[in-house]
Structures are given as structure tokens and as C-alpha cells.
Amino acid sequence: MGVSAANDVSVRDDGDVATAGARPHGTRLRNWVIGLVAGVVFLAAVGWISVNEVRANTRFDRTHAALVTTRFHLSRVVAQLDAVRRALTVVDGQVAQDRQALGRDATQLTGMQTALSTSRTNLSRGNQTVTDLHTCLSGVEQAANALSVNDRARAIEALGSVTASCTAAVDAHG
Amino acid sequence: MARRRRTRWAVTLTVLAAVAVVAWAAATDVQANARVRSEQTALHSSVDHLARTRTALAATSYEQALATNQRTAVTGSIASTLDQLSSTEAALQGTQAFAFLQGVDVGALQDCLHGVSGALQEIAANNDDQAAQDISGVSGPCLAVDGGSNDGLVYPFDFPDPDVILVGTTYYGYATNSVAGNIQIIRSTDRIHWSAVGNALPSLASWAAPHATWAPAVLQVGGTFDLYYAAVVAGGGEECVSVATATQPQGPFIDGSSAPLECQPTLGGSIDPYPFVNTDGTISLLWKSDGGSLPATIWSQPLDATGTAVAPNTAPAALLIPTQSWESGVVEAPDLVLSGGRYLLFYSGNNWNSANYGVGVAGCAGPAGPCTPLTDGPVLSGDSTMQGPGGESVFTDPSGSTWIAFHAWATGSVGYPHSRELYIRRLDLSGGAPSVGGAS
């Protein structure tokens, strides 16, 4: 079935041919149906497109909001990162300064420990010298006491017992 | 026809309008979706950036924590190092201070040793006067070597059995023969700093042998000074007491005697003379017999007015014999003092050549006794700074304060031929029994 505009004749299902200007009822109905279908299709298309657009806009809004939030977080984290990096730079500088100070202190400590060790060594030698001098003095004094009572044997004995100490004391201090 | 044509146009326009609307809507939809994708892309990018930034932040925070920990550790190390530095510096300062004192000690020891060595050489060359000068010159350093005078040590050389008298404002000390000669003599104006004068008795009596002139004591009688001392009778005899005289306390004392003043050969000899002047001016000589048939005994006998001879028609009286365990059978070195109406006999007990030597005191009815110990033990014995004190001599300073001079061994140097050094400490006679105080 179809519409033939060339001869303006409407052909019915039963084969009757209507004259021009007098549209048959079936043709009009078919046109109305076609129009109605077209309208429905149109409306469906527009509706689907509209719904789709609304959804897209909704997604856009959500995505945009998330983007704004993310960028806000990002800016905060970047700020935190900058602050931490600045603090890290400061701490690194302090560590470097402290290490320099530690190095100086350690050097000073080493020098002082060396001086202390030297001083203690000298002190130990000095103590030995003092001991030697005491021993030597005691012997010489005993010898003098013995000699003053004409006890020459005891005087010689006293001197002989301190000879080593007297020699060591003289060697240590001239 | 026209109607149908209009209808067709209307339909066509309607269709075109619908197509346009649909196309516009589709284009708008496409744009919306494109914006969504673009926004999503931007969101993903931002999320990725945020994740990377957070990762960087975490890493940087971790680095900061590490750096902070490092700084804490370094700061701790600095504090520890500074503590070590401080303690090391303190130790170094202490060591240096000790080294300084040690240097002072070494200097004092060298000076003292130099003087004593010089004296030894002078003695060997029989030059007693120079020996005395050498000793006197190093009295200060030798006193420092022996720890100073805080414990009463005033003369750090051998000065046994001292006797101290005050003449005017000058103190004179006399002692048994030693470095400076037969009778040592030293003097002082402050009782603390003493210098050697020399040999108070350059020549002995004709009957006496050298090298054993002991325990001198000096008494001023008018313008004369009598020096009592013990000396060995030449030819292997016992020790006996003699007297020499001088016109000044520093001598020289001359002994022109042909025999001892007191002598008890059967009692082991007589030593440790001490002259006592009673309130009536009577002079008595106290001494000790050294043994023999009797125990060591302290005796007394009056002398004549000059103090150089025994009073006629008198005999020795025994004052004291050893009765106490600490004396170990020996009483000697008497020194009689009249104080507050009481006669106090100071004496030494035990072995002179030991750390057990000490000083006791007895109360006497008078110069001729009898005497009884006032205490169960010695009133002066060894302590942490000296050992075996004895040979005491009690004297009074111009202000009326009483002092006791004595010899003692340095702790750790007890026994001949070590030195018996001179100490002077305060003596309190106000109580029931005398007590010896400190150096000042």
C-alpha cells in the first residue's frame, strides 16, 4: 500500500478508486498515525536527549564539585608540603650548624683530653720524683744524724740505701 | 491541491523543526557530555596530582622527621661532648693545680735536700758551724716538706730532748748533739719560726767524750746561764751530768769541770738533767738514773746558789719510778713545773726509739718528792702527724700562756737514725690533769 501523488488517486484496499479532492478516510488515518508516530518519536528523542543532558549536567555538577574539593585539598596539601619543605630546609641547616659545632667541640675535647693525658703523665712522673726526693732526703738526713754522733757505718748505710732514689731525682730534675 | 500543498509544507516544516530541535538537543547533549568528560579528566588529573603531592608530603615529612631525629641526636652528642669537655676541663684544671702544688713540693724538697746535703758535707768536714747555717737556711722549705706547722712542728730537723727558755723577747732552744754540734741551739722570736744559731758547747769538759752530749737544759742565774747536759765519761764510762756556763743564752758555754756534777755509775749513769727553781730561790737538779741495780728512776738534789755545784750535805732523793704499763719500765726526761701551788712533774716513758714513747705527768709534794702519776696513761702520745713524743720542756710565753716543747718522729719515720723533730703545742694546766692542746 502507498500514496501516489502523481495521479491524485487513492487506492483502497478493496480496489476502489476515489476521485481527486475527495481524500479517503484511510489515507487520513494513515497520515494521522504517521504523524502521531513521528511526534512520539520526536518527543521520545527530545525526552531521551533531555534526560541524557540532565544526567550529564548532574554528572558535571558532581564532577565539578569533586574537582573543586580536590583542588582545595590539593592547595592545602601543597601548602603543607611547602611548609614542611621550608621546615626541612631549616632543620637541615640547623643539623649542619650543629654538626659543625659538634665537630668543633669534639676537636676541642680531643685537644683537652690530650692535654689532660699529658698533664697526668707529667703528674705521675712528678709524683715519682717527689717520692724519690723524699726518699733521698730521708736518707741524707739519716746520714747526717748518724754522722753527727760519729756513727759512720750507719751514715754510709743510710746514704747507700737512697743512692738510686737520689740519682733518679737528679736525673728527673737536674 | 493548495490545501494539500500547505499541509505538505507544514509537515515538512514541522519535520524540519523537529529535526532541528533534535539536532540542537543532541548537540547540547554532546557538549554537556564533553564538558563532563573534560571535568572528569581534570578531576582525575587533580586527584592524581593530589595523590602525588600527598606522597611527596609524606616523604618530605619523613625526611623532616629523620632530620629532626638527626638534629636531636647531634644535639645530644653536643650536650654529651660539652659535658665531657666540662669534666675534662675540670680534671685538667685539677691536674694543673695539683701539678703546681707538686712543683712547689719538688721545689721545697730540692731546697731542703740541698741544705741537708750541704750540712752532711760540712759535718763530714768537721765544720759544724757551717752545717748549722746550711740547716738553718732551709728550715722553711724543710718545714713545708713535712707538712707545715699546723700540727705544732716548728723545726723539721733532728732536735732531740729539747729545752726551751725565754730570755727577754727571744726564745732559745737547746737539744742533744746532732747536725749542729755537741749541743744544738736555735732561736725564735715568735715560737714558730726558728733558725739555727750553731753549737752551744764548742768544747767538752776534759773528762767527757764527744758525740754523746744529751738532753741539755739551761737556767739563768743572775747574769749567768747554766747549761746542764749529759756526756759520756771518756774511756768507756757511763753517761753523767755536767754543767757549763755562759754570759749569754746563745753561748758559747764553757765547761771547765774536771768531773761530772752528778754521776751514778752503779745505776747505769745519770742523764736528762733539769734545773728547777723553787719559790724561795732554791735550785734543785732533777735527772734520771739509767738502770743498774734499780729501775730507771728520776732523782732530785739541791744545788748551791750558783747552780753549778751540789748543795753541801744533801743527797739525791728518788722522785719517781716506773709504775704504769705504758711506761714499759722507763721514766726519764723530767721537767718540774710549779703551777697554782702544785708541783707537776712531766716525764717521758717507754722506749725512746719507738712510736710508744710518750709524756706522762705526776703530782709531787715538792722538788724532793714524793711524786705520784696523775693519770693512768700518757698526757701526750703519738697521733696521725707524729709518733713517739718525748723529751718535753714546759715554758711560758710573755702573755703567761704555757707551752710544751717536745721531740717526735714523723709518722712513718720512727727510729734512729731518723730525725726527732721539734714540736711546740699549747699546754693547759688549769684542770686536774694537764692537757696538751693544738699548735696555736
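So, to start: which residues in α1(A) meet which residues in α2(A)? Before I get there, some housekeeping. This is a predicted model, where local features need pLDDT of at least 70 and side-chain atom pairs count only at pLDDT 80 or more, while totals for chains, interfaces and linings use all residues. Residues are numbered from 1 along each chain as its sequence is written, with chains lettered from A and ligands numbered from 1 in the order in which they are written.

Okay, the answer. On the α1(A) side we have Gly139(A), Val140(A), Gln142(A), Ala143(A), Ala146(A) and Leu147(A), and they meet Arg152(A), Arg154(A), Ala155(A), Ala158(A), Leu159(A) and Ser161(A) in α2(A). Contact here means C-beta atoms, placed from the backbone, within 7 Å. Helices are DSSP runs of H or I with at least four residues, strands are E runs of at least two, and both are numbered from the N terminus. By class, that contact has 7 nonpolar, 3 polar and 2 charged residues. Ala, Val, Leu, Ile, Met, Phe, Trp, Tyr, Cys and Pro count as nonpolar, Asp, Glu, Lys and Arg as charged, and the others, Gly among them, as polar.

Now the interface. Chain A and chain B put in 70 residues each. On the chain A side, α1(A) gives the most, with 65 residues. That side splits into 36 nonpolar, 23 polar and 11 charged.

Over to chain B, and an open sheet of 4 strands, ordered β9-β10-β11-β12, with antiparallel pairing. Pairing needs at least two DSSP bridges between the strands. β9 (270–277) and β12 (317–320) of chain B are at the edges with a single partner strand each, so one side of each has no neighbour in the sheet. Between β9(B) and β10 (residues 283–289) of chain B there are 6 bridges, and Pro275(B) sits opposite Leu285(B).

Asp272(B), in strand β9, has a positive phi near 55° without being a glycine. Asp272(B) counts as buried because it has 28 C-beta neighbours inside 10 Å. The cut-offs are 20 or more other C-beta atoms within 10 Å for buried, 12 or fewer for exposed, and partly exposed in between, with C-beta atoms placed from the backbone. Asp161(B) also has a positive phi, about 50°, and is buried, with 27 such neighbours.

Last, two cis peptide bonds: Gly251(B) to Pro252(B), omega about 5°, and Gly369(B) to Pro370(B), omega about 0°.

Definitions and conventions: Contact = placed C-beta atoms within 7 Å.
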